[in-house]
Amino acid sequence: MKIIVIGAGVFGASAAWHLAREGAEVVLVDRADQGRATAAGAGIVSPWGSKLDDPPSYALLEGGARYYATLVSALAEAGETDLGFARPGALYVPDDPAELDAAEARIRARAGNAPEVGTIERLTPAEARALFPPLREDLAGLYVSGGARVNGRLLAAGLRRAAVRLGAREVEGSAELVMSGARVSGVRVGEETIAADAVVATAGAWAPKLLAPAGVRLAVQPQRGQIVHFRLPGTDTSRWPTIQPINAYYMLAFDDSRVVVGASREFGSGFDYRLTAAGVAGVLNAGLHTAPGLAAWTIEEIRIGFRPLADDNRPMLGRAPGMENLLIGNGLGASGLTMGPYAGMLLAHLALGRTPELDLTPYDPGRGS
Ligand SMILES: Cc1cc2nc3c(=O)[nH]c(=O)nc-3n(C[C@H](O)[C@H](O)[C@H](O)COP(=O)(O)OP(=O)(O)OC[C@H]3O[C@@H](n4cnc5c(N)ncnc54)[C@H](O)[C@@H]3O)c2cc1C
């Protein structure tokens with residue numbers, strides 16, 4: 001079976017790798033748009049304290065966090081170990097102690113179904129700072145040992161390389177759907193027309209334009225996020241936990257003396273690829289309010305990404321309305337690095353005519369259209 005995947009962010013890269021593992025002939029087309037979400041995403045994988053109250057969205061989040069253990073070991077077997085993945089734990093440090101109580105209640109309630117949560121422990125301010133030294137001195141915390149983080153760029157690159165080793169072909173360029181009546185017969189990329197049995201559209205925030213010629217009106221729009229990377233060479237940040245939630249903001253550390261503070265959530269931004277004074281100020285103020293110890297660090301870079309946000313904020317996975325061989329994966333919003341590998345696996349199974357382990361009915365991409 002020949003399947004074309006359009007879009008090689010975390011969603012499409014995962015779908016491509018899972019398809020290739022199942023023996024499909026895969027072509028992965030990507031345009032490397034400025035602001036693609038996977039290249040800008042922070043990488044927190046720790047959903048259990050989320051205030052999200054939509055059960056289908058939470059099911060995908062929880063499944064996504066759980067799937068990481070399987071994913072990381074399968075990719076290691078495939079020779080891909082450099083994913084920036086680690087499980088340093090998650091530290092909740094809201095200003096308001098009532099928020100901490102509420103987060104603890106949510107996490108404990110969800111931990112029954114999710115052993116990967118690990119241990120849950122209250123920390124004094126001194127204990128919290130021992131784990132994340134730049135923190136403010138008065139912040140007590142809640143530590144959850146199963147909290148993880150991943151580097152979206154490394155993860156997507158690893159999935160792509162693993163898919164290519166299994167025979168997937170990568171094509172750089174902008175794909176357009178080629179229709180044949182009510183079916184998709186393939187895609188056109190520049191001068192080349194590529195035929196396929198099925199097409200998987202994982203084109204992130206750009207998908208509505210891609211899908212319009214197929215008569216699909218996808219209720220998705222870009223939500224800009226501005227995210228700041230701090231560095232202090234010589235600081236061993238490799239075991240620092242993720243810091244969350246700080247209002248809408250959060251922090252995480254990577255191995256290279258780097259702390260990432262994110263992120264603005266700008267509705268109605270369109271594809272306006274710009275840093276703005278308010279966006280950057282919001283991130284810096286929130287970051288320094290919670291972790292004043294970052295004040296003397298270097299601002300290494302500031303990234304911009306467009307989250308693919310569904311109008312009802314629920315992910316989309318399934319067939320395009322009325323079209324057997326056009327599949328859509330989208331709407332991962334602010335949590336796509338958590339959900340993407342798992343969602344890609346589910347979509348790959350659907351494309352291959354298998355029954356995915358999660359009932360995909362609630363994620364119908366045609367809802368509301
Ligand atoms: C600032 C920020 C912080 C985030 N932090 C986190 C976090 O901490 N934890 C978490 O779980 N998630 C986080 N996310 C969310 C996560 O990054 C996204 O949900 C996820 O990366 C979406 O992946 P995607 O593959 O659907 O889309 P994308 O990564 O945007 O990929 C879509 C791809 O499709 C390509 N494309 C589009 N149209 C075409 C076409 N016609 N032809 C060829 N190629 C095409 C694009 O060029 C792009 O490469 C964050 C996002 C942002 C922006």
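The model is a predicted one, in which local features need pLDDT of at least 70 and side-chain atom pairs count only at pLDDT 80 or more, while totals for chains, interfaces and linings use all residues. Residues are numbered from 1 along each chain as its sequence is written, and side-chain values use heavy atoms, with hydrogens and water left out. Helices (H or I, at least four residues) and strands (E, at least two) are DSSP runs, numbered from the N terminus.

The crossing of α3 and α6 is left-handed, a term used when the near helix is turned anticlockwise from the far one by less than a right angle, clockwise being right-handed. On the α3 side, Tyr68, Leu71 and Leu75 meet Leu155, Gly158, Leu159 and Ala162 of α6, where contact means heavy atoms within 4.5 Å. Of these residues, six are nonpolar, one is polar and none is charged (Ala, Val, Leu, Ile, Met, Phe, Trp, Tyr, Cys and Pro count as nonpolar, Asp, Glu, Lys and Arg as charged, and the others, Gly among them, as polar).

Helix α6 (residues 152-165) also packs with α1 (residues 10-21), at an angle of about 25 degrees and with the axes 8 Å apart. These two helices are therefore roughly parallel to each other. Here, too, the crossing is left-handed. From α1 the contact takes in Val10, Ala13, Ser14, Ala16, Trp17 and Ala20, and from α6 it takes in Leu155, Ala156, Leu159, Arg160, Ala162 and Ala163. This contact has 10 nonpolar residues, one polar and one charged.

Turning to the strands, α1 lies across β1, β2 (25-30), β18 and β19 (326-330), and runs at about 165 degrees to β2. An open sheet of six strands has the order β8-β2-β1-β12-β19-β18, with mixed pairing; two strands pair if DSSP finds at least two bridges between them. At the edges stand β8 (169-172) and β18 (316-319), each with a single partner strand, so one side of each has no neighbour in the sheet. Neighbouring strands are turned by 15 degrees against each other on average, direction ignored. Within this sheet, β1 (residues 2-6) and β12 (residues 198-201) pair in the parallel sense over four bridges, and Val5 has Val200 of β12 as its bridge partner.

An antiparallel pairing, again over four bridges, joins β10 (residues 183-189) to β11 (residues 192-195). There, Val187 is bridged to Ile194 in β11. The two strands form a hairpin with two residues between them, and Gly190 in the turn has a positive phi of about 60 degrees.

Ala32 has a positive phi of about 50 degrees although it is not a glycine, and is found in the loop between β2 and α2 (37-40). The peptide bond from Gly262 to Ala263 is cis, with omega near -25 degrees; Ala263 belongs to the loop between β16 (258-262) and α8 (277-290).

The structure holds 27 salt bridges, each a side-chain nitrogen of Lys or Arg within 4 Å of a carboxyl oxygen of Asp or Glu. One of them joins Arg314 to Asp54, with the closest N and O atoms 2.8 Å apart. Arg314 lies in the loop between β17 (298-310) and β18, and Asp54 in the loop between β3 (44-45) and α3 (55-77), so the pair ties together parts that are 260 residues apart in sequence.

Conventions:
Axes fitted to C-alpha atoms, helices over the stretch in contact; angles between N-to-C directions. Parallel < 35°, antiparallel > 145°, perpendicular 65-115°, else oblique.
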